[in-house]
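Please work through the exercises below with the sequence and the model open side by side. Each task is followed by a solution that goes step by step.

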Amino acid sequence: MVSHLILGAGLVGGTLARQLSARGDQVTLGTRSGTTIPGATPVKLDASNPADVTQAACGAGAIFVCTNPPYTKWVADWPPIFDAVITAARDSGAALVLMGNLYAYGPPAGPMTEHSQLATTEKKGLVRKAGWEKVLAAHQRGEIRAVEVRASDYFGPGAAGMSTHLGGGFFEPLLASKTARVVGNPALEHSWSFLPDIAATLIAAADHTGEWGRAWHVPSASVPRSEIVRQVNERWGVNGRVARIPQWLLSASGTVIPILREISASSYQFTMPFVIDSAETQKMLGVTATPWHEALEVTVDSYRKPLTSN
């Protein structure tokens with residue numbers, strides 16, 4: 001039986017654990033609190049502790065790094081995690097599969113491909129860029145075998161929180177025929193990665209028998225938020241609206257609320273078209289995006305249930 005270690009039990013790690021378990025793989029789920037998910041064996045560990053991760057990875061085919069510190073702690077928390085997982089992959093012999101994002105690319109001049117330059121100057125993007133470059137260097141030295149799977153902003157059942165741009169804070173006001181307040185221009189094209197498609201791409205990357213030491217892109221839908229509002233209104237018979245949070249207000253709020261400061265710093269992603277190109281990943285890994293209307297239906301219905309159960 002194939003076994004794997006997943007670090008992090010959030011929406012990505014949890015979805016991945018369920019998909020791996022469903023195909024018959026043995027899954028160990030490593031978190032600080034020992035979070036339990038059906039089909040996975042929980043283990044308490046510190047992802048920044050090399051000994052903890054190495055012990056949990058013993059016998060694993062792959063280490064999936066799906067943990068994600070809070071935005072405000074990336075500078076302090078990510079570097080020791082990268083160091084720990086490199087050590088664990090080297091000492092255990094497990095492949096290393098990083099769950100990544102698009103921050104390291106910086107403001108794009110067009111669709112971002114798997115080979116776009118990592119040109120960010122923003123703090124969070126620099127953290128992810130440095131981490132991937134450290135992992136890649138270890139791969140190129142022959143110490144480990146590693147890849148990074150990059151997704152755009154994720155969406156799907158359960159997505160919530162201030163940094164989730166297509167989650168409960170967006171859909172719940174729409175379903176109540178109210179206004180969803182958003183960062184940036186809602187009329188611009190933006191890519192959205194569906195949680196099950198993220199997990200499927202992580203698995204395909206781990207199974208790949210060809211080239212490693214590279215990035216893959218999650219197949220994603222590119223839809224302006226204004227168009228999503230129109231579709232929700234039409235499909236669910238509501239009269240929701242969308243309005244932009246003024247940039248001055250976002251910036252001013254960031255001076256007193258740290259998470260908003262970090263959201264403001266990366267808000268360029270919503271002031272220009274922000275599109276991920278996954279053509280090479282689709283061709284080489286054989287993964288595709290869930291049809292948009294199906295993904296939207298599942299996602300919106302997950303937010304409707306609490307509203308109709310009272």
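The model is a predicted one, in which local features need pLDDT of at least 70 and side-chain atom pairs count only at pLDDT 80 or more, while totals for chains, interfaces and linings use all residues. Residues are numbered from 1 along each chain as its sequence is written, and side-chain values use heavy atoms, with hydrogens and water left out.

**Exercise 1.** Describe the lining of the largest pocket by position, by element and by residue class.

*Solution.* Step one is the term itself: on a 1 Å grid over the protein atoms alone, a pocket is an open set of points where a 1.4 Å probe fits, with protein on both sides within 12 Å along at least five of seven lines, and lining residues have an atom within 4 Å of a point. The largest pocket holds about 1,100 Å³ of space, a volume being the space filled by probe spheres set on the points. Step two is position: 44 residues line this pocket, and those nearest its centre are Cys-66, Thr-67, Asn-68, Pro-69 and Trp-74. Step three is origin, with helices (H or I, at least four residues) and strands (E, at least two) taken as DSSP runs numbered from the N terminus. At least two lining residues come from each of α1 (11–22), β2 (26–31), α3 (74–92), β5 (95–100) and β7 (153–155), and α3 supplies the largest share, four residues. Step four is class: the lining has 22 nonpolar, 16 polar and six charged residues, where Ala, Val, Leu, Ile, Met, Phe, Trp, Tyr, Cys and Pro count as nonpolar, Asp, Glu, Lys and Arg as charged, and the others, Gly among them, as polar.

**Exercise 2.** Which residues of the largest nonpolar core touch the most other members?

*Solution.* A nonpolar core is a set of buried Ala, Val, Leu, Ile, Met, Phe, Trp, Tyr and Cys residues joined through side-chain atoms within 4.5 Å, and buried means under 20% relative accessible area, against over 50% for exposed and partly exposed in between (1.4 Å probe, protein chains only). Among the 66 residues of the largest core, Ile-63, Leu-96 and Ile-228 touch the most other members. The element that gives the most to this core is α3, with eight residues. Another core, of 31 residues, lies apart from it and includes Ala-17 and Trp-216.

**Exercise 3.** Where do the buried residues of α8 lie around the helix, and how many residues of α5 are buried?

*Solution.* In α8 (residues 247–254), Leu-250, Ser-253 and Gly-254 are buried. Seen down the axis of α8, these residues fall within an arc of 105 degrees (taken from the directions from the helix axis to the C-beta atoms), so they line one face of the helix. Their cover includes α9 (258–265). In α5 (residues 168–175), six of the eight residues are buried, including Phe-170 and Phe-171.

**Exercise 4.** Is Ala-40 buried or exposed, and what is the answer for Asp-25?

*Solution.* Ala-40, in strand β3 (residues 40–44), is buried, with a relative accessible area of 15%. Not counting residues up to four places away in sequence, Ala-40 is in contact (heavy atoms within 4.5 Å) with Ala-17, Val-27 and Leu-29. Asp-25, in the loop between α1 and β2, counts as buried at 11% relative accessibility. With the sequence neighbours up to four places away again left out, Asp-25 touches Met-1, Val-2, His-4 and Leu-20.
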